[in-house]
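Dear colleague,

I am passing on the structure we spoke about, and below it you will find my notes on what came out of the analysis. Please read them with the coordinates open beside you.

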Amino acid sequence: MANAREAAEAEFKRFDTDGDGLLTADEIRKANDALGGQGASESEIEAFIASADSDGDGTIKLEEFVALVGHGRHESA
Ligand SMILES: [Ca+2]
Ligand SMILES: [Ca+2]
């Protein structure tokens, strides 16, 4: 599913506001606010990171993000 991966990469770049190639909790919080404005709680953001952070460094890199959202969970844009 190349399209799903491309969409995930584009979304990752949109989330990664400082462009360092890693999503931090702060960036995820801002992205979540921008997307839905549902005001995710700290624990929800931590749970999201924990679910994606396969190497356990506390941030989400592109391949971790793609692995998470590339499973068909991503909406076609
Ligand atoms: Ca970043
Ligand atoms: Ca990680």
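Helices H2 and H3 are roughly perpendicular to each other, because angles of 65 to 115 degrees are counted that way and the axes of H2 (residues 25-35) and H3 (residues 42-52) cross at roughly 115°, coming within 10 Å. The crossing of H2 and H3 is right-handed. Where the two helices touch, Ala25, Ile28 and Arg29 of H2 meet Ile45, Glu46, Phe48 and Ile49 of H3, and the residues of this contact divide into 5 nonpolar, 2 charged and no polar. Please bear in mind throughout that this is a predicted model.

As for the overall layout, the protein contains 4 helices and 2 strands, and when it is read along the sequence these follow the pattern α-β-α-α-β-α. Of its 77 residues, 12% count as buried. Among the contacts with a separation of 6 or more, 47% are accounted for by residues 24 or more positions apart.

Which residues make up the largest nonpolar core? It has 7 residues, namely Ala8, Phe12, Leu23, Ile28, Ile60, Phe65 and Val66, and the elements that give two or more residues to this core are helix H1 (2-15) and helix H4 (62-69). In soluble globular proteins, nonpolar side chains tend to be buried together.

Leaving aside its neighbours within four places in sequence, isoleucine 28 is in contact with Phe15, Leu23, Ile45, Phe48 and Ile49. Phenylalanine 15, for its part, is found in helix H1, and beyond its own neighbours within four places in sequence it is in contact with Leu23, Glu27, Ile28 and Ala31. The C-alpha atoms of phenylalanine 15 and alanine 34 are 9.5 Å apart in space, although the two residues are 19 apart in sequence.

Two further positions bring together parts of the chain that are separated in sequence. Alanine 7 lies in helix H1 and is partly exposed, with 18 other C-beta atoms within 10 Å; its C-alpha atom is separated by 9.2 Å from that of valine 69, which is 62 residues away along the chain. Aspartate 20 has its place in the loop between H1 and strand S1 (22-23), and it counts as exposed because it has 11 C-beta neighbours inside 10 Å, the limit for that class being 12 or fewer.

With best regards

Terms used
Residues numbered from 1 in each chain as written. Chains lettered and ligands numbered in written order. Predicted model: local features only at pLDDT ≥ 70, side-chain atom pairs only at ≥ 80, totals over all residues. Axes fitted to C-alpha atoms, helices over the stretch in contact; angles between N-to-C directions. Parallel < 35°, antiparallel > 145°, perpendicular 65-115°, else oblique. Left-handed = near helix turned anticlockwise from the far one by under 90°. Contact = placed C-beta atoms within 7 Å. Nonpolar A, V, L, I, M, F, W, Y, C, P; charged D, E, K, R; others polar. Core = buried A, V, L, I, M, F, W, Y, C linked by C-beta atoms within 7 Å. Buried ≥ 20, exposed ≤ 12 C-beta atoms within 10 Å, placed from the backbone.
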